[in-house]
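This report covers strand pairing and nonpolar packing. The sequence and model are shown first.

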Amino acid sequence: MKDTEGTMFIEQAKKVLEIESAAISALIDRIDDNFLNAIDIIYSCNGRVVVTGMGKSGLIGKKITSTLASTGTPALFLHPAEGGHGDLGMVTKGDVVIALSNSGETEEIIMILPTLKRLEIKLIALTGNTESRIARAADVVLDVSVKEEACPMGLAPTASTTALLAIGDALAVTVLSKRGFKEEDFAFFHPGGNLGRRLLMSIDEIMHTGTEIPAVNFKTLMKDAIMEISSKRMGITTVTDNDSRLLGIITDGDLRRGLEKFGEKLFSLKAEDVMAYNPKTLTRDVLAVKAVEIMEQHSITSLVILDPDGRAEGIVHLHDLLKSGVV
């Protein structure tokens, strides 16, 4: 019995996905001049894009609003019922309204249409009924009608809301492209996300400075250099000249190779005898993601940050990049 019931539910779930997939596929042939006109209206908007819709359409509208806002288009959501009781005050000349209504006859939206007209607001209607009152009042109508809902009773909005969401994404992404929106722009609106950290964080925000920088003079004995590497716990020390300018670095790897080559004599050598010359360095204004690229390219775990005079003013370790969320 359970096997039979399970098979029935699996088939029902597949049917839902087939219906909703077909609803989205049907939209492809409707991307025409009306869609381009909608894009031009949104792109040319001098104010905000105000998205409105009731019920499930309203929930989809909130998502469309969020997508627009996060991709460079100032947007807000207006609950149409609240709009008819004072919230229309948030809509001003220069704004654009996107109205979501599968039936095209949502009374709460129809109630606010006269005010929008008086404000000379451009109206884009996303509706399943292109002959409806909302459609007739719109400057641009996008047909999001569906053949059937996935709900077996044909009552719960399913395929119709999926179609609304898909066309909303199409609008947002197309406007994004028209604006020339880049990763850096996206990061600007997402400073708390991983992408924001990757694209906005500079080296000077995470580098170690001052006494945290491991450093020895080029004449320092290796036994003391090893102590510096050990005490600063970065697996590296900078090696400087008498004016504190960077000459090279000594890493854990250099120590292992030194021991293999010199044995116990290593401890009596000077730092200049073991150090690696011309290490990879950066300046403090470089983005942290650049440090990751250099580390990956050269299979290293630390980078020295130099000031304009060639002195070490910081050091960054792979662990610092991991902790900051850049990696």
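## Strand β3 and its neighbours

L100 of β3 is the bridge partner of G53. The model is predicted: local features need pLDDT of at least 70 and side-chain atom pairs pLDDT 80 or more, while totals for chains, interfaces and linings use all residues. Residues are numbered from 1 along each chain as its sequence is written, and side-chain values use heavy atoms, without hydrogens and water.

β1 and β3 run parallel and are joined by five bridges; strands count as paired if DSSP finds at least two bridges between them. Helices (H or I, at least four residues) and strands (E, at least two) are DSSP runs, numbered from the N terminus. β3 is also parallel to β4, through six bridges, with A99 opposite A125 of β4.

## Burial of β3

Six of the six residues of β3 are buried, that is, under 20% relative accessible area with a 1.4 Å probe, protein chains only. V96, I98 and L100 point one way, and V97, A99 and S101 the other. In a regular strand the side chains alternate between the two faces of the sheet.

## Nonpolar cores

A nonpolar core is a set of buried Ala, Val, Leu, Ile, Met, Phe, Trp, Tyr and Cys residues joined through side-chain atoms within 4.5 Å. The largest has 28 residues; among those touching the most other members are I98, L100 and I124. β3 (96-101) and β4 (122-127) are among the elements that each supply at least two residues, and α7 gives the most, six.

Apart from this core lies another of 19 residues, including V97 and V141.

How values were computed: Buried means under 20% relative accessible area, exposed over 50%, partly exposed in between (1.4 Å probe, protein chains only).
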